[in-house]
Amino acid sequence: LNHLPALRELRLASNPVSSSESTFNARQLLVASLPNVHMLNNSQISERERLLAERYYLKRFHTDFIKEGGSTEQRASSAFSQRCPSFERLLKKHGAPEGVSAAAPTSTLKDSLLAVTIKWPDDAGKKVLNKRLPATLTLLKLKGMLQRLYSVPSTMFSISYISSSGPERDMDDDLRELSFFSVSPGDTILIRSR
């Protein structure tokens, strides 16, 4: 489909190629892979959805890219490029995802915890917390935890984070895990009143 640059709208039903994926993940992979498609299965693709889908695609295939010899200076193998034809385009557009490595995943919860600092930069009266959070914690669950800790309804604050290597980034997809946002050990989670 990448060889059809004029393709703007696509409808798929009972696609055996994506049967191993959830409907949500299959849509994300398609949105990231088809930059000219603006309507998928009768649903408009927003700029935000495309951005999140492209980040998901990079995180999903980054480990394979590294294992097959890819780096910022060197292209991956042709086999990888055939399997993931949009990867290098997205890598040039967004850069490498933070917090993703080719190392084997850790097997214990203790090893997968992220040591982060949580603070309200606009309210000096709120206590700064140092917490160890699982990378699999969803933003929705983090909001619930913060609501209980600070006695502030989650509808009254927004969450972002800042790492030592980059600018402040908003965290606004409640169903995503901290690992999706590339939160790493040592990062600071910022809570701001709305």
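In which helix is Y56 found? Y56 lies in helix α2.

**View 1. The whole predicted model, with 5 helices and 8 strands.** This is a predicted model, where local features need pLDDT of at least 70, side-chain atom pairs count only at pLDDT 80 or more, and totals for chains, interfaces and linings use all residues. Residues are numbered from 1 along each chain as its sequence is written, and side-chain values use heavy atoms, with hydrogens and water left out. Helices (H or I, at least four residues) and strands (E, at least two) are DSSP runs, numbered from the N terminus. Along the sequence, the pattern reads β-α-β-β-α-α-α-β-β-α-β-β-β. Of the 194 residues, 37% are buried. Buried means under 20% relative accessible area, with a 1.4 Å probe and protein chains only; exposed means over 50%, and partly exposed lies in between. The accessible surface of the protein comes to about 11600 Å². Carbon and sulfur atoms hold 53% of that surface. Areas come from the Shrake-Rupley method with a 1.4 Å probe; for residues, only the protein chains shown count as cover. Take contacts between residues at least 6 apart in sequence: 61% of them join residues at least 24 apart. A contact means heavy atoms within 4.5 Å.

**View 2. Helix α2, residues 47-67.** Helix α2 has 21 residues. From first C-alpha to last, α2 reaches 31 Å, close to the 30 Å expected at 1.5 Å a residue. The expected span is 1.5 Å times one less than the number of residues. A kink of about 45° is centred on F61. The bend at a residue is the angle between axes fitted to the seven residues ending there and the seven starting there. Just after α2, G69 takes a positive phi of about 90°.

**View 3. The buried side of α2 and its partners.** Buried residues of α2 include R50, L52, E54, F61 and F65. The buried residues of α2 pack against α1 (23-33), α3 (78-83) and α4 (87-94).

**View 4. Y56 and its contacts.** Y56 counts as buried because its relative accessibility is 12%. Leaving aside residues up to four places away in sequence, Y56 touches E21, N25, Q28, L29, R176 and F180. Y56 and N25 are 31 residues apart along the chain. Their C-alpha atoms are separated by 8.8 Å.

**View 5. Helix α1 and its packing.** A26, R27, Q28, L29, V31, A32 and S33 are buried in α1. The buried residues of α1 pack against β2 (39-40), β3 (43-44), α2 and α4.
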